[in-house]
Amino acid sequence: GGRERQREIGTITDAPDFDPCADAENLYNAMKGIGSDKEAILDLVTSRSNAQRQEVIAAYKSSFGKDLIEDLKYELTGKFERLIVSLMRTPAYHDAKEIHDALKGAGTNERCLIEVMASRTNKQTQEMVAAYNDAYGRNIEEDITADTSGHFKKMLIVLLQGTRDESGVVDADLVEQDAQDLFAAGEEQWGTDEAKFIMILGNRSVTHLRMVFDAYEKIAEVSIEDSIKNELSGDFERLMLAVVQCIRSVPMFYAKRLYKSMKGLGTADNTLIRIMISRSEIDMLDIRECFRLRYEKSLYNMIKDDTSGDYKRTLLILCGGDDDLAGEFFPEAAQIAYKMWELSAMTKVQLRPTVRPASGFDPAADAQALRKAMKGFGTDEDAIIDIVAQRSNAQRQEIRQTFKSLLGRDLMKDLKSELSKNLERLIIGLMLTPAEFDAKMMRKAIEGAGTDEHALIEILVTRSNEQIQAMNAAYKAGEFKSLEDAIQSDTSGHFCRILVSLVQGAREESPADLERAEADAQELANACNAESDDMEIKFMSILCTRSFSHLRKVFQEFVKYTNKDIEQIIKKEMSGDVKNAFYAIVRSVKNQPSYLADRLYKAMKGLGTDDRALIRIMVSRSEIDLFNIRKEFKETHDASLHEFIQVETMIGDTSGDYRKTLLILCGGED
């Protein structure tokens with residue numbers, strides 16, 4: 001029932017006792033004389049609804065014979081000006097201007113076209129078409145046709161008609177037929193029948209398509225989103241994904257767009273402004289709710305950290321309150337959370353590495369080439385990087401052995417004496433066996449001035465039982481004491497107990513058991529009302545022992561019992577390392593590549609780059625799922641992992657060898 005609640009879920013509403021003439025006079029006075037009273041302007045504009053602002057514009061013209069928008073443009077500057085002026089336009093004219101700006105100029109801004117066209121209702125689309133014609137004396141369809149091409153163009157034109165079925169009548173047979181047709185058009189055959197996708201996704205009703213997506217998953221055993229990613233490409237793929245996301249949940253679509261606008265390589269202010277304005281009277285509360293469900297911080301706090309000045313003050317007013325302070329959850333959000341877990345439980349993820357064994361591998365030749373690169377005066381880093389980064393770990397172990405048999409030298413010692421800093425850490429990390437590397441990373445996280453709790457959590461949560469057991473053996477061989485003892489002497493309390501539980505490497509590996517999942521969910525739900533001590537222990541007994549596939553079901557059922565997502569509970573009821581550990585488990589259960597993509601982002605975007613974390617993830621995942629991590633990274637941040645590494649590792653890496661090696665491991669530019 002998203003539509004019925006429409007009236008009350010914006011953050012901006014009509015002001016009571018509204019007097020447009022008085023408002024016009026106040027604005028006139030705020031802009032009179034030298035310098036303008038920005039706070040007065042901001043407070044007035046954001047406390048009126050859009051319809052009221054139109055009346056103020058009219059009153060301003062009759063009282064002063066001037067155009068209010070022109071005066072505001074003249075008085076204000078920068079992002080603040082863009083924001084205030086955009087608030088003064090009617091929604092239809094604002095949309096029309098966004099599309100016009102996206103089309104004019106050197107390149108087309110496809111992302112803006114996609115966002116607007118995928119998310120508007122029929123009525124909004126039709127009003128925008130009329131406003132465009134009125135404002136520019138041009139036909140929007142002709143302009144879009146002239147500026148785009150292929151299937152992307154066709155789908156935009158279909159959406160531009162604003163004729164999606166809104167009858168609310170659903171025909172079960174047609175649902176089944178559409179699901180079969182989509183499957184036949186994509187997954188089932190070589191090549192893709194794009195026209196089918198365009199026709200069905202562009203015309204059927206929202207309720208109908210939600211049922212089609214469910215039916216499709218049963219037939220294809222993958223989500224419609226995954227099929228689109230596999231079958232389509234470029235702007236067309238992005239548009240179709242946006243349409244699917246909007247069918248599933250417009251507020252969630254916007255929450256993701258807002259996150260990208262602030263957490264890409266820079267802040268995309270145009271996107272931020274467009275969304276905050278266009279949704280402030282429609283569904284901002286739902287967007288905030290979805291944002292809180294999906295990300296660690298509330299929308300309010302993210303805007304606060306990411307912007308400044310009057311611009312920030314205005315955005316925060318449009319945002320409304322801070323959800324990190326509020327506890328309750330909208331029923332809509334609970335439904336979305338439930339759906340997210342259901343999808344996560346159904347989807348079979350194909351893990352893909354970025355580093356594969358080299359063909360025509362000759363360990364003796366590699367050993368000789370490495371010796372040559374390190375012999376005599378100076379070091380040939382390029383030669384070392386090209387060999388080490390382009391071999392699988394098993395091949396590197398053969399090279400280590402052959403180096404010793406042929407030359408009587410220890411390759412690790414030679415590399416350490418020839419290389420330095422991050423490049424040395426990275427190359428040595430690649431040369432160690434995965435178990436030795438994990439053991440070394442655990443040692444580094446434990447020893448030294450402060451413990452790196454995030455590293456301990458990340459390693460223990462993302463490794464399989466086999467990997468943990470191998471790491472334990474490698475740690476013992478190198479340190480002459482057990483990893484468990486080291487953890488116990490370095491951490492304390494419940495956090496210590498969680499790590500000790502995980503380091504056993506004894507997590508169940510069985511598939512989900514529905515009855516037991518319901519019982520587990522009930523226990524977790526009951527624990528939420530207990531003392532925090534008992535709650536943490538109960539969470540540990542389930543989250544640290546059950547298999548990931550079982551936990552997906554548990555967390556799905558948990559939403560049913562509590563109307564909350566388990567992540568919310570963890571963030572709200574727990575704190576410190578215990579909270580971080582449980583949060584990491586939940587994120588990994590939901591989508592491990594996405595959790596690791598997030599860890600990579602934090603490694604590069606914190607205060608200074610955390611090279612140890614960057615090296616740890618790039619090395620340890622390169623032969624497991626780094627390709628999937630890359631895809632998740634791109635989807636979350638709109639910029640590729642490749643671009644991020646290039647920009648974020650420039651400082652301190654004067655030769656560029658460290659960056660070059662990371663980029664080889666990364667594998668592609670996406």
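How many of the 15 residues of α15 are buried? The legends below, which describe a predicted model, take up this question and then turn to other views.

**Figure 1. Helix α15 lies largely enclosed by the rest of the structure.** Of its 15 residues, 12 are buried, so the helix is largely enclosed by the rest of the structure. Buried here means under 20% relative accessible area.

**Figure 2. Helices α37 and α40 pack at an angle of about 35°.** Helix α37 spans residues 611-621 and helix α40 spans residues 657-666; their axes are 10 Å apart. The crossing of α37 past α40 is left-handed. On the α37 side, D611, L614, I615 and M618 make the contact, and they meet Y658, L662, L665 and C666 of α40. The residues of this contact comprise 7 nonpolar, no polar and 1 charged.

**Figure 3. The chain as a whole has 40 helices and 0 strands.** The C-alpha trace spans about 95 × 65 × 55 Å along its principal axes. For 670 residues, a compact globule would have a radius of gyration near 26 Å, and the 28 Å of the chain agrees with this. Buried residues make up 53% of the 670 residues. Among contacts with a separation of 6 or more, 74% come from residues 24 or more positions apart.

Terms used. Residues are numbered from 1 along each chain as its sequence is written. This is a predicted model: local features need pLDDT of at least 70, side-chain atom pairs count only at pLDDT 80 or more; totals for chains, interfaces and linings use all residues. Side-chain values use heavy atoms; hydrogens and water are left out. Axes are lines fitted to C-alpha atoms, for helices over the stretch in contact, and angles run from 0 to 180 degrees between N-to-C directions. Helices (H or I, at least four residues) and strands (E, at least two) are DSSP runs, numbered from the N terminus. A crossing is left-handed if the near helix is turned anticlockwise from the far one by less than a right angle, and right-handed if clockwise. Contact means heavy atoms within 4.5 Å. Ala, Val, Leu, Ile, Met, Phe, Trp, Tyr, Cys and Pro count as nonpolar, Asp, Glu, Lys and Arg as charged, and the others, Gly among them, as polar. Buried means under 20% relative accessible area, exposed over 50%, partly exposed in between (1.4 Å probe, protein chains only). The radius of gyration is taken over C-alpha atoms; the globule rule is 2.2 Å times the number of residues to the power 0.38.
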